[in-house]
Amino acid sequence: MAKYLLLKHYRGAPESVNHVPMEKWTQEEITAHVQYMNDFAARLEETGEYVDSQALAPGGTFVRYDGEGRPPVTDGPFAETKDLIAGWMVIDVDSYERALALAGELSAAPGAGGRPIHEWLELRPFLGESPTVTE
Amino acid sequence: MNEALLRSLTPSVLGILVRRGADFAAAEDAVQDALVEAVRVWPDDEPRDPKGWLVTVAWRKFLDATRSEAARRRREDLVDEEPPPGPATSVDDTLQLYFLCAHPSLTPSSAVALTLRAVGGLTTRQIAQAYLVPEATMAQRISRAKRTVSGARLDRAGDVATVLRVLYLVFNEGYSGDVDLAAEAIRLTRQLAAAIDHPEVAGLLALMLLHHARRASRTTPDGVLVPLAEQDRSRWHTASIAEGIGILQAALARDRLGEFQAQAAIAALHADAPTAAETDWVQIVEWYDELARLTDSPVVRLNRAVAVGEADGPRAGLTALKDLDATVPRHAAVAAYLHERDGDLTTAARLYAEAAHQASNLAERDHLTRRAARLNARR
């Protein structure tokens, strides 16, 4: 059993095959897309592989410490080079192969024209707790 | 209300219902209902024979649940087959639960969850906490697993090797939250060893005890990994080591060697050495040869290369490593260690950094990163 993070990107990932920004989709296409995601999550819940999923707002800000007694420095929102995460899903599966298969399925969510988006998802394993036997 | 007593009785009550012909999923539900009843009734009126009480109530719950028009005939058959009342004393009713929970049609994670629930008597919430998944997720995993094994017949013994693999999986999960999965695995393997006379069951129990005995010294209080050679041996749990070695010797005397006995033998040689320098590496290499013969696993050959490095020097270890596929997990870590001992610090530092990249858990990654940093500072 291992947990994986499926990351959806606004920016930073390679361009998807069916690349049309969501604001240009029809209402029905958006509904179908959301429905697909919900069904996918519900199916994983039933197989006991679902852990968590969240969507993130696009407006991220870089922040850093700027010394004692000074307010944190920010670089302002929407910097051009930023990789933006649109959301994530955490799954708990038996194998890497299963994680790949699920990521592939999620990437097939319908987009413009009702066709699969073929978007690139980032698949990242969680670093787990140290297993008992490591010697 | 004695929760430990209830938990220890749960699997055998479940086993009795299944043996009487109850479908597994229905039996599990019935036992849960009986436990709820016990929690309600026992504080005022504790039965003289708690197990008998649970069996009676669970069986009644099971019959109630199956009392529908469609199930009527089946229920009547079951009532006919019902054994005469009396104390329930059968010892190996739990045994078939082990086989059921390790059924080959289950995925490893389902088998583990079902075993912890049905044999271990843990609650769904406890299992979910141990695996850091939502309770609803674990509940679904367990109920799917129950459905999968529901039709499985138990007219012949299952494969012990599968059961052992599931228990070893539980053990290797370590622990988190309030359930110590390593201790739980040892408890279940003890039960199994009491119910079944098999040298590999003894071998696995010995292996777990020997590994578990070193647990307190394996990490610092803040979670930093301590390698075997640097561990404070005075903190090893000597009673567990003595018990493990005793169990292992009795198993080996039966001359039916298997991989768990061989692994336990290696763990015993480590546990027996008063200092790291006094470790009998020559004998450990011999046991790795046995293990490689039994399993032909690349992980075993990787570990063997480490042992060869200790027994015959790092050059010999590196030679043993050459025959191995570099994609085996921890290959880079082993190569780094052998190069470091051979004095090639540049290569060692590079390989430690590479190994840290591939590590699958935080403690190991931090450990390897520290090693790389230490060598880089020294050059």
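In helix α16 of chain B, Val300(B), Leu302(B), Ala305(B), Ala307(B), Val308(B) and Gly309(B) are buried (under 20% relative accessible area with a 1.4 Å probe, protein chains only). This is a predicted model, in which local features need pLDDT of at least 70 and side-chain atom pairs count only at pLDDT 80 or more, while totals for chains, interfaces and linings use all residues. Residues are numbered from 1 along each chain as its sequence is written, chains are lettered from A and ligands numbered from 1 in the order in which they are written, and side-chain values use heavy atoms, with hydrogens and water left out.

The buried residues of α16(B) pack against α15 (281–295), α17 (314–322) and α18 (331–341) of chain B. Helices here are DSSP runs of H or I with at least four residues, numbered from the N terminus. At the N-terminal end, Ser297(B) caps α16(B), with a side-chain oxygen 3.1 Å from the backbone nitrogen of Val299(B). After the helix comes Gly313(B), whose phi is positive, near 100°.

Chain B also meets chain A. The contact (heavy atoms within 4.5 Å) takes 32 residues from chain B and 21 residues from chain A. By class, the side of chain B has 14 nonpolar, 11 polar and 7 charged residues, where Ala, Val, Leu, Ile, Met, Phe, Trp, Tyr, Cys and Pro count as nonpolar, Asp, Glu, Lys and Arg as charged, and the others, Gly among them, as polar. Between the two chains the count is 1 salt bridge (a side-chain nitrogen of Lys or Arg within 4 Å of a carboxyl oxygen of Asp or Glu). The side chains of Arg141(B) and Asp92(A) meet in a salt bridge at 2.9 Å, N to O.

Definitions and conventions: Buried means under 20% relative accessible area, exposed over 50%, partly exposed in between (1.4 Å probe, protein chains only). Helices (H or I, at least four residues) and strands (E, at least two) are DSSP runs, numbered from the N terminus. A polar contact is a pair of N or O atoms within 3.5 Å; within protein, one must be able to donate a hydrogen and the other to accept it, and residues adjacent in sequence count only if both atoms are side-chain atoms.
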